[in-house]
Amino acid sequence: MSEEVKLHGTWPSVFSYRVIWALKLKGIGYDFVEEDLSNKSALLLHYNPIHKKIPVLVHAGKTICESMIIIEYIEEMWPHTPNLLPTDPYDRSISRFWVKFAEDKGLAVWRMFRTTGKELEMAIKESLEMLQIVEEHGLGDEKYFNGEKIGMVDIAFGSILYWLGVNEDVLGVRLLESHKFPRLHKWFQFFLEEPVIKENLPDRDKMIIFFKHRRETLQASA
């Protein structure tokens with residue numbers, strides 16, 4: 001389809017990159033509109049008046065919000081391969097379960113960034129519990145969650161673990177260690193080496209500098 005596709009996002013947002021990865025994997029052309037979240041554009045507020053957040057996909061004048069909902073839209077609108085969700089109904093339901101798990105339990109990783117003291121300890125504990133569950137129950141014997149190709153579940157967890165790695169450097173901690181989570185660690189290395197992902201990752205050093213400053217600002221205003 002030739003209708004115009006625009007993605008409103010911001011460079012340090014892993015939620016924006018989820019959508020970028022899906023569009024790139026599908027080979028869908030798009031224009032990226034960089035948003036300043038400290039001074040949100042009138043267009044962003046118009047397109048997402050409820051949450052006022054990125055990412056927002058605009059396709060043929062229609063607006064879709066929330067990263068994983070956008071990816072489901074992309075999968076249904078452009079159903080050509082690679083498939084981001086399995087075709088079998090049962091397998092699709094399992095994928096949706098793990099996406100929901102990532103969305104719910106991944107919040108602990110975001111809380112790590114914003115908290116200190118006991119709250120930070122609890123966020124780290126919950127993050128480790130999430131990693132352990134995925135290590136034991138989420139990954140099978142194949143390269144990715146649903147086979148040999150990256151899918152929606154890989155995008156969900158890949159974004160969380162990339163952000164976790166930045167968090168680890170900002171906070172000076174290590175959670176995703178290969179001897180503790182060998183299967184998850186191996187899967188993440190495959191994910192990062194996938195050409196579409198590797199060529200479309202935010203600069204890690206730049207992110208660390210950005211989020212260190214952001215965390216210092218949050219702590220100073222607390």
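Predicted model: local features only at pLDDT ≥ 70, side-chain atom pairs only at ≥ 80, totals over all residues.
View 1. The largest pocket in it has a volume of about 1200 Å³. Its lining is made up of 36 residues. Closest to the centre of the pocket are Ser13, Phe15, Leu37, Ile54 and Arg114. Several helices take part in the lining. At least two residues each come from α1, α4 (89-105), α5 (107-114), α7 (152-171) and α10 (204-221). Rolling a probe the size of a water molecule over the atoms shows where empty space is left.

**View 2. Four strands form an open sheet in the order β2-β1-β3-β4.** The pairing in this sheet is mixed. Strands β2 (31-34) and β4 (62-65) stand at the edges. Each of these two has a single partner strand, so one side of each is left without a neighbour in the sheet. From one strand to the next, the twist averages 20°. Strands of a sheet pair through backbone hydrogen bonds, either parallel or antiparallel. Helix α1 (residues 14-26) lies across β1 (5-9), β2 and β3. The helix runs at about 155° to β1.

**View 3. Strands β3 and β4 make a hairpin with two residues between them.** The two strands run antiparallel. Four bridges join β3 (residues 56-59) to β4. Two of the bridge pairs can be picked out by name. His59 has Lys62 as its bridge partner in β4. Val56 has Cys65 as its bridge partner in β4. Ala60 sits in the loop between β3 and β4. This residue has a positive phi of about 55°, although Ala60 is not a glycine.

**View 4. Cys65 lies in strand β4.** Which residues does Cys65 contact, leaving aside its neighbours within four places in sequence? They are Tyr47, Asn48, Pro55, Val56 and Ile70. Val56 is also the residue whose bridge partner in β4 is Cys65. Now look towards Ile160. Cys65 and Ile160 are 95 residues apart along the chain. Their C-alpha atoms are separated by 19 Å.

**View 5. A cis peptide bond leads from Ile54 to Pro55.** Omega for this bond is near 0°. Pro55 lies in the loop between α2 (42-47) and β3. Ile54 is among the residues closest to the centre of the largest pocket. Pro55 is one of the contacts of Cys65.

**View 6. Thr81 and Pro82 are joined by a cis peptide bond.** Omega is about 0° here. Pro82 belongs to the loop between α3 (67-77) and α4. A UniProt annotation from an unreviewed entry, "domain: GST N-terminal", covers residues 3-82.

Conventions: Residues numbered from 1 in each chain as written. Heavy atoms only, no water. Pairing = 2+ DSSP bridges. Axes fitted to C-alpha atoms, helices over the stretch in contact; angles between N-to-C directions. Contact = heavy atoms within 4.5 Å. 1 Å grid on protein atoms, 1.4 Å probe; cavity = no way out; pocket = protein on both sides within 12 Å on 5 of 7 lines; lining within 4 Å. Points joined across faces, edges and corners; volume = space filled by probe spheres on them. UniProt positions renumbered as here; feature names shortened; annotations may be inferred.
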